[in-house]
Amino acid sequence: MPTLYLIPTPLGAPDTPCLLPHEQSQIAHITDFVVEAEKTARAHLRHLVNTPVRELSLHTLNEHTPESEVAALLQPLKDGRDVGLISEAGCPAIADPGANLVALVHAHGFEVKPLIGASSIVLALMASGANGQCFAFKGYIPADKDGRSGSLKALETRSRQANETQVFIETPYRNDALLADAIATLHPETRLCVACDLTLPTQLIVSKTVSEWRKLAELPALKKRPAIFVLHAA
């Protein structure tokens, strides 16, 4: 049965080991890939497959891909060849446009095989001390100050009412503004965790109540660093 392999990629440098040896051996033969961005995909694939990168067939699937074009990505599977799906970093189909392709592969009766790898969302939740039994990933919250503050209050209310941890992200250059607004907006007893540069030598994980955050002499510098924010108010 032709199979779609969901292939995790490193959260940091392309040559960072990210797959178990027996899993890497399962995908070494693949020559057809669906990728979020070709340049970074080629850098990752150079360390994952046996075929020279220049001979691989790469097709792009990102947030700009029209839904009408996703079906064409199934053609290698229909021709009897395995396909690999990789995102920019972490696990494909989680906070990633690849989920649409996975659903379509299931609908056509092909096999889907997820491989083990790092997910920044899961790693941040693991390290936060927040409720890992009930949680939700919210993606990006509004970029403008008023919208951001309103969204933070809504997430806090949801967390308090349902005992549900809220996980969200921001464009890296706005991380500092988001952290400042969260500290100013949220209830003093709400737990707020920031996890950035996960798995890298510069990794930073800080998890405190908002009142503890307010007592810090200096906030960590998050600008341009990939970060996950975790909120728990229950």
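The stretch of residues 4–212 is 33% helix and 20% strand, and its end C-alpha atoms sit 46 Å apart; helices (H or I, at least four residues) and strands (E, at least two) are DSSP runs, numbered from the N terminus. UniProt lists residues 4–212 as "domain: Tetrapyrrole methylase" in an unreviewed entry, and such annotations may be inferred rather than shown by experiment. This is a predicted model, where local features need pLDDT of at least 70 and side-chain atom pairs count only at pLDDT 80 or more, while totals for chains, interfaces and linings use all residues. Residues are numbered from 1 along each chain as its sequence is written, and side-chain values use heavy atoms, with hydrogens and water left out.

Where they meet, four residues of domain 1 are in contact with seven of domain 2, contact being heavy atoms within 4.5 Å. About 360 Å² is buried between domain 1 and domain 2, with carbon and sulfur atoms giving 83% of that; buried area is the accessible area (1.4 Å probe) that two parts lose on being put together, summed over both.

What about salt bridges, meaning a side-chain nitrogen of Lys or Arg within 4 Å of a carboxyl oxygen of Asp or Glu? The count between domain 1 and domain 2 is zero, but the whole structure has nine. One of them joins the side chains of Asp 32 and Arg 81 (2.8 Å, N to O). That pair links distant parts of the chain, 49 residues apart: Asp 32 is in strand β2 (residues 32–35), and Arg 81 is in the loop between α3 (75–78) and β4 (83–86).
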